[in-house]
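This report is meant for a reader who is meeting the structure for the first time. Please look over the sequence and the structure shown here before reading on.

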Number of protein chains: 2
Amino acid sequence: MRASDRAYAALRDDITEWRLLPGTVLAEVEQSERLGVSRTPLREALSRLTAEGLTTTAGSRGVVVTDVSLDDIDELFELRETLESKAAALAAERADPGVFLQLHKELLEAPALIDGSDPGRHAYYDLAGRLDAAIDAAVSNSYLAQAMRGLRVHLVRVRRLAADDAQRLTAAAAEHAAIAEAIAARNPRLAEAATILHLHRSLSHVKNTHTPHHKEHHG
Amino acid sequence: MRASDRAYAALRDDITEWRLLPGTVLAEVEQSERLGVSRTPLREALSRLTAEGLTTTAGSRGVVVTDVSLDDIDELFELRETLESKAAALAAERADPGVFLQLHKELLEAPALIDGSDPGRHAYYDLAGRLDAAIDAAVSNSYLAQAMRGLRVHLVRVRRLAADDAQRLTAAAAEHAAIAEAIAARNPRLAEAATILHLHRSLSHVKNTHTPHHKEHHG
DNA sequence: ATGAGGCCTTCTGTATACACTGAGGGAGTC
DNA sequence: GACTCCCTCAGTGTATACAGAAGGCCTCAT
C-alpha cells in the first residue's frame, strides 16, 4: 500500500474516531513525523481529506479539522434523506429481490448480533454496510454512489457522537429490515417511505442522546 | 495564485472544452512541462481532478481522462434531477422572493441576450449561473451545495457535446423562468416540477442533437 | 508604559533528486 | 519457430532541499 494511502486512512480514522478534535491544526511536518511518512504523501492525504470536507484550509495556517455543529448535522441529514430515499426507490425498481430477501432475513435476526459482547458492534455495522452496498449495486449509478460515499464518511463521525445503545440499534435493525423488505417487494414508494422514517429516527436519536459539544475544542 | 491552482484550472478547462479527449493519458512530466509547473503542484491538480471524476487512475499507467458514455449521461442526469429538484423545493420554502422575482424578470428577457452576437452565450450562461447560485444560497445547505458543485463540472463537459442553438437556449430560458417564478411564489412542489421538466428537456436535447461519440478517441 | 516597527522563526509552496515497480523488447534455449 | 527469462527504460511514488511569506516577539522610541 502507498504511503499516501496509509496517511489518509490514519488521519481519516483519527478524525472520525474523534482522536483529532475539530479545530486541531494538522501541521505538515508534525503529522508526517507522527505517521512516519514524508511531507509529499502527507500533503496528498490532506488534499483528499479537504476534498471530502473532513478538513479545511484555514488561510495560511495550514489545514484544520472541520467542526460539526448542530446545523451541520441537520444539513447532513437533509442531503442524506434526499440521496438515500431516491436510492432506495431506484433500488426497488431495479434490484434482484433475492439479495434483499436474504438481507431482510438477516436483519430480522440482527438483535442476536447486537446482544453479543462486541462493544464495537462490528457484526451489526457490517450487516448495515452490506445493505448499503447492495442498494448501491442495485441502483447502478456511479455518480449517485459516489455522492453517498462522500456522505458516509461524515456520518461515521456523527455516529460517534451518539450513544448507539443496544435499544437504538435493535430499532434501527427493524427499520433497515423494513427497507430491505420494501426493495425485495419492488415497491419504490414504500422503500422511500421506510428510508425517510429510518433517517428521521436516526436524526432524532443523535440530537436527543448527545447534544453536540461542538464549541469546546477550539484551543 | 498558486501553481497547483493554475495547473488544476488549466487541465479542468482542457478537459471540459474537449481539448483533452477521453482516454488521453496525462503523464506527469509531460503535463508539468506543458503547463510550466513542477511535478508536485501538478500531482495535486491531478488528485483534485480524480476526486471530481474528470480523470481516473488507470493502474500504473498514470491518470487518464474519463470517458462520458450515453449511460454516464443518464446516470448524471438521474443524480442531477434528485439533487436539483430537492434544492428547488427547499429554495421555494426558504427563499426571499425578491431575489427570484428579479431573476424571473431577467430570464423573461433572456431571448434578447441569446440573439446577441456572442457565440459563447456568456451573458445567458452567467444569468443561468446566477439562478443556480441564488438557489444554493436560498437552500443554505453546504453539503447539498457541494454535491451540486461536483456535478456541475461534469455538466459543463456534457453541454459541450450538445449543440446549444438559440432555439434550445430560448426554451431553456423559459424553463428557468418557470423555476424562478415557482420559487418566488414559494411553491415547493411547483418548483420541483418545473425543475424536473427542465432537466428532462435538457437531457432529451443532449441525447437527440448529438449522439455521443464516446468510443472514438481511445488511441 | 504603550505602540509601532523590524527581525527572527516556522510554516507552507515548489522544485528536484532518488528509488522502485512494471512493462516491453530482445535474445537465448527448447 | 515459439516460449521464456532477463535487461532496460520509462514513469510514478517518495524524500528532501530551498525559497517565500506570515506571524510572533522583542526592542526602541515617544
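## Chain A, chain B and DNA strand C

An N or O atom in the side chain of Arg43(A) lies 3.2 Å from a phosphate oxygen of DNA strand C. A polar contact here is a pair of N or O atoms within 3.5 Å; within protein, one atom must be able to donate a hydrogen and the other to accept it, and residues adjacent in sequence count only if both atoms are side-chain atoms. This is a predicted model, in which local features need pLDDT of at least 70 and side-chain atom pairs count only at pLDDT 80 or more, while totals for chains, interfaces and linings use all residues. Residues are numbered from 1 along each chain as its sequence is written, chains are lettered from A and ligands numbered from 1 in the order in which they are written, and side-chain values use heavy atoms, with hydrogens and water left out.

Chain B also reaches phosphate oxygens of DNA strand C, through a polar side-chain atom of Arg2(B) at 3.2 Å and through a backbone N or O atom of Ser38(B) at 2.7 Å. Of the atoms of DNA strand C that come within 4 Å of the protein, sugar and phosphate account for 47%.

Helix 3 of chain A, together with helix 1 (3–16) and helix 3 of chain B, each supply at least two residues of the surface near DNA strand C, and helix 3 of chain B gives the most, with 3 residues. Helices (H or I, at least four residues) and strands (E, at least two) are DSSP runs, numbered from the N terminus.

## DNA strand D

DNA strand D is likewise surrounded by 13 residues, of which the closest are Ala3(A), Ser38(A), Thr40(A), Arg39(B) and Arg43(B).

The largest share of the surface near DNA strand D, 3 residues, comes from helix 3 of chain A. UniProt, in an unreviewed entry, lists residues 1–68 of chain A as "domain: HTH gntR-type"; UniProt positions are given in the numbering used here, feature names are shortened, and annotations may be inferred rather than shown by experiment.

## Where the two chains meet

Between chain B and chain A, 24 residues of chain B are in contact with 23 residues of chain A, contact meaning heavy atoms within 4.5 Å. The two chains bury about 2100 Å² between them, 50% of it on carbon and sulfur atoms; buried area is the accessible area (1.4 Å probe) that two parts lose on being put together, summed over both. In chain B, Glu75(B), Glu78(B) and Tyr143(B) lose the most area to chain A, together 30% of what that side buries.

The rule finds 5 salt bridges across this interface, a salt bridge being a side-chain nitrogen of Lys or Arg within 4 Å of a carboxyl oxygen of Asp or Glu. One of them joins Glu78(B) to Arg94(A), with the closest N and O atoms 2.5 Å apart. Helix 4 of chain B gives the most to the side of chain B that touches chain A, with 11 residues.

Terms used
A residue is near a molecule or strand if one of its heavy atoms lies within 4 Å of it.
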